[in-house]
Amino acid sequence: MNERAHQTPHWVDFHCHLDLYRDHVDLIAECDRERVATLAVTTTPKAWPRNRELAAHATHVRVALGLHPQLVAERASEVALFEHYLADARYVGEIGLDAGPRFYRSLPEQERVFERILRACAEQGGKILSVHSIRAVGKVLGHIERALPASRGHVVLHWFTGTTAEARRAVALGCYFSINKEMLNSPKHRQLIAELPEDRLLTETDGPFVLIQGKPIRPREVADTVSQLAALRAIPMEGMRRAILDNLRAVVSSNVS
């Protein structure tokens, strides 16, 4: 294999918590070896510098600057640190809103933090965001409409579980969708995924939270998700794999300002 071929990714894992695996460093090397273009999301700004350092020489791993909505109740003050690092971060995530029962009380604070992050990303331009939206898709899309024009950044909706109408609204806003194995296990979500535009699809693992036979999924195992997506959409697996890579290239090489 020539050097250029080695540099070309074969798979895409656009949302994985690499730093939460016990073998974090080995897993970065595995992503390079298996040619998995992996977005290593973080949950707090404090985690970003060390993650970035560990992946500094990786070919296929990029690190995102995050402030997870489930942690906002105790870490809202870290938004200032987030803004401090933002100029050096092309990728942003995990961010967003979570209106599930455990986190609903902090939703107003989550919304303030999310809006502030979106406006900072819009001001700097060129950011690529991985966004959480559990039970809050409408609110997430409303904030994106108000604070982050499509010309100022790209949004990838992680583990999207909204309605068909919300999916259409997201598509109109220019959003992409990262699909994981668990989403495809739900008949309701399979139907929604089947209707999403092919040119807006990416894949993810959300490891280590998604398990395969009781063990945390690894980025290389995103291949099974590609296979399931291909079957769902009645196209060859190789065609689905190439479409996902094309979509990644569209996101990464876009001339958003």
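In which crossing, left-handed or right-handed, does α7 pass α8? The crossing is left-handed. This is a predicted model, with pLDDT of at least 70 needed for local features and 80 or more for side-chain atom pairs, while totals for chains, interfaces and linings use all residues. Residues are numbered from 1 along each chain, and side-chain values use heavy atoms, without hydrogens and water.

**Packing of α7 and α8**

- Helix α7 covers residues 137-147 and helix α8 covers residues 164-172. Helices here are DSSP runs (H or I, at least four residues).
- The two pack at an angle of about 20 degrees, with axes 11 Å apart.
- That makes α7 roughly parallel to α8 (angles under 35 degrees count as such).
- In a left-handed crossing, the near helix is turned anticlockwise from the far one by less than a right angle.
- On the α7 side, Val 137, Gly 138, Leu 141, Gly 142 and Glu 145 make the contact (heavy atoms within 4.5 Å).
- Glu 166, Arg 169 and Ala 170 contribute from α8.
- This contact divides into 3 nonpolar, 2 polar and 3 charged residues; Gly counts as polar.

**The cavity**

- The whole structure holds 1 cavity of 30 Å³ or more (grid points, 1 Å grid, where a 1.4 Å probe fits but cannot get out).
- The largest cavity has about 30 Å³ of space, taken as the space filled by probe spheres set on the points.
- Its lining (an atom within 4 Å of a point) includes Leu 67, Pro 69, Ile 95 and Phe 114.
- α6 (107-124) and strand β4 (91-98; E, at least two residues) each give two or more lining residues.
- α6 gives the most, with 4 residues.
- The lining has 7 nonpolar, 2 polar and no charged residues.

Definitions and conventions. Axes fitted to C-alpha atoms, helices over the stretch in contact; angles between N-to-C directions. Parallel < 35°, antiparallel > 145°, perpendicular 65-115°, else oblique. 1 Å grid on protein atoms, 1.4 Å probe; cavity = no way out; pocket = protein on both sides within 12 Å on 5 of 7 lines; lining within 4 Å.
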